[in-house]
Amino acid sequence: MKLSRRTRVAAAVAGAASIALLASACSSGGSDEGSSDEPITLTVTTFGTQGLDDLYAQYEADHPNVTIKATNIDTGGNALTDWQTKQAAGAGLPDVQAVEEGWLSKVMQVSDSFTDLSEYGAEDTADQWVDWKVKQATDANGRIIGYGTDIGPEGLCYNGALFEAAGLPSDRESVAELFGGDDATWEKFFEVGNQYKAATGKAFYDQSGFVWNSMVNQLPEGYYTSDGELNVEGNKDLEERWALLAQGAADGLSSAQTQWDWGGGKAFTDGSFATFVCPGWMLGVVKGQVEAGGGDATTGWDFADVFPGGAANWGGAFLTVPTTSKHPKEAADLAAFLTNAESQVAAFQAAGTFPSNIEAQSDAGVTGESDLTAFFNDAPVGEILAARAEGVVAQYKGPDDSVIQEQVFGPSVQELDSGKADGPTAWNHAIDLLHELVSE
């Protein structure tokens, strides 16, 4: 689930709506068979770094009658606010709407306002994607409302040059062993962080918010139980992890960076921190931030096949077709194209978005060399992500999951990083916000 800066007011206004939208015809399943020759414009709304830009041009070249007008919103949280606002108004939604895993449950509350893609071939091609991805996009009535794009298995990004300067191992295999390999724990992560801090006097990770998100996502049940019950207050697993996070912040391991900013990328190049939690899609973000900060592959960033606490998934998206689309058939054809095996390979090479398409996962374009592998010290990025995907179980995300992550725990995480509150105090503040913002 991507974190973002969102106002409490915007979420409250947008989340209050449950609007019945106009129904329209559904869409096609991924080829141009039967497509109209009438010139049309298809609008697409995505978010973050999804690696789709070059694919739009390819689709337009193959479909001369289609013009694609794409809008990319900076973060998943801001994209959620945008979707909710337009959903509430019953107008303004695009032909193809990207939906983030973290707010899929909210989408499912109004699933009848999205085209049932199974009527146009999605059911027949469902075995092309990992099964849990298809299940996530299937509503209570068996309607498939989205084609899966990426999944977010997590590995650990680290700066090998900074590790070496701190007297720590710097090659990928030794780094994986340093954190415990297959038995890596968060306790060990913070222990190594304290070793790094003692040797350098500097922070170990960029900020506590992303670490907390990863801690929550890898639990069998997060902010909600698997049957949809709120699962925060009194949750011992969350409380124990919060205590570890709070101690790490108190020990000075967090650089207290601003999420999605990092000083315009400078914090990735000036030694402000040495590790970064990395789902596949985040690799493209890291590369972009390093380059924005004036760095390149020689800055020292690498990618290790290890993650504290074991397998974890953060994020992943779906492409849906709202029923308000005037061109639902063509819109669904575009969504199917953007998520087929070849396209997911291209998206991975552009942005590190690890495919949910099974064929794409083993494609040489994913497992082999790319701009990303070259940037991350020739790390076998695709192979590492495939290994990190083993054991991932899709966690149920409740309707206010992203609100809890960003608006309930977001301020408390900042309190930890700023030193304004200790762990128990910040936790209690989060629970107060939970009662204020989220209905049982």
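Predicted model: local features only at pLDDT ≥ 70, side-chain atom pairs only at ≥ 80, totals over all residues.
Where does Asp-302 sit? The residue belongs to strand β6, which covers residues 301-304. Is Asp-302 buried or exposed? Its relative accessible area is 3%. Buried means under 20%, so Asp-302 is buried. Its side chain has polar partners. One is the side chain of Arg-172, in a polar contact of 2.8 Å. Another is the side chain of Asn-377, also in a polar contact, at 2.8 Å.

**The whole protein**

Now step back. The protein contains 19 helices and eight strands. Its C-alpha atoms fill a box of roughly 65 × 50 × 35 Å along the principal axes. A compact globule of 440 residues would have a radius of gyration near 22 Å. The protein has 21 Å, which agrees with that value.

How much of the protein is buried? Of the 440 residues, 58% count as buried. The exposed surface comes to about 16,900 Å². Carbon and sulfur atoms supply 47% of that surface.

Take the contacts between residues at least 6 apart in sequence: 80% of them join residues at least 24 apart.

Charge is next. The protein has 23 positive and 65 negative side chains. The centres of these two sets lie 7 Å apart.

Helix α9 spans residues 208-217. Why is α9 described as largely enclosed by the rest of the structure? The reason is that 10 of its 10 residues are buried. Among them are Phe-210, Val-211, Trp-212 and Met-215. The buried residues also include Ser-208, Asn-213, Ser-214 and Asn-217.

Gln-207 lies in the loop between α8 (186-200) and α9. Gln-207 is buried too, because its relative accessibility is 1% and the cut-off for buried is under 20%. What does Gln-207 do at the start of α9? A side-chain oxygen of Gln-207 reaches to within 2.8 Å of the backbone nitrogen of Gly-209. The Gln-207 side chain also reaches the backbone nitrogen of Phe-210, at 3.5 Å. A further polar contact, at 3.2 Å, joins the side chains of Gln-207 and Gln-259.

Which residues does Gln-207 touch, leaving out those up to four places away in sequence? They are Ser-254, Ala-256, Gln-257, Gln-259 and Asp-417.

**Two residues with positive phi**

Ala-256, one of the residues touched by Gln-207, has a positive phi of about 55° although it is not a glycine. Ala-256 is found in the loop between α10 (236-250) and β5 (275-279). Trp-262 is found in the loop between α10 and β5 as well. Trp-262 also has a positive phi of about 55°, and it is not a glycine. What about their burial? Ala-256 counts as partly exposed, at 41% relative accessibility. Trp-262 is buried, with a relative accessible area of 0%.

Arg-143 is found in the loop between α5 (131-136) and β4 (147-159). Its relative accessible area is 18%, so Arg-143 is buried. The side chain of Arg-143 reaches the backbone oxygen of Ser-111 at 2.9 Å. Beyond residues up to four places away, Arg-143 touches Ser-111, Asp-112, Phe-114, Thr-115, Asp-116, Ala-137 and Thr-138.

How far apart in space are Arg-143 and Val-290? Their C-alpha atoms are 42 Å apart, and the two residues are 147 apart in sequence.

Asn-340 lies in the loop between α12 (328-338) and α13 (341-351). Asn-340 is partly exposed, with a relative accessible area of 23%. Asn-340 and Thr-85 are 255 residues apart in sequence, and 30 Å apart from C-alpha to C-alpha.

**Accessibility side by side**

| Residue | Relative accessible area | Class |
|---|---|---|
| Asp-302 | 3% | buried |
| Arg-143 | 18% | buried |
| Gln-207 | 1% | buried |
| Asn-340 | 23% | partly exposed |
| Ala-256 | 41% | partly exposed |
| Trp-262 | 0% | buried |

Definitions and conventions
Residues numbered from 1 in each chain as written. Heavy atoms only, no water. Helix = DSSP H or I, 4+ residues; strand = E, 2+ residues; numbered from the N terminus. Buried < 20%, exposed > 50% of the residue type's maximum accessible area, 1.4 Å probe, protein only. Polar contact = N/O pair within 3.5 Å; in protein donor to acceptor, adjacent residues only side chain to side chain. Contact = heavy atoms within 4.5 Å. Rg over C-alpha atoms; globule rule 2.2 N^0.38 Å. Areas by Shrake-Rupley, 256 points an atom, 1.4 Å probe, with all protein chains shown as cover. Lys, Arg positive; Asp, Glu negative; His and termini not counted. Charge placed at Lys NZ, Arg CZ, Asp CG, Glu CD.
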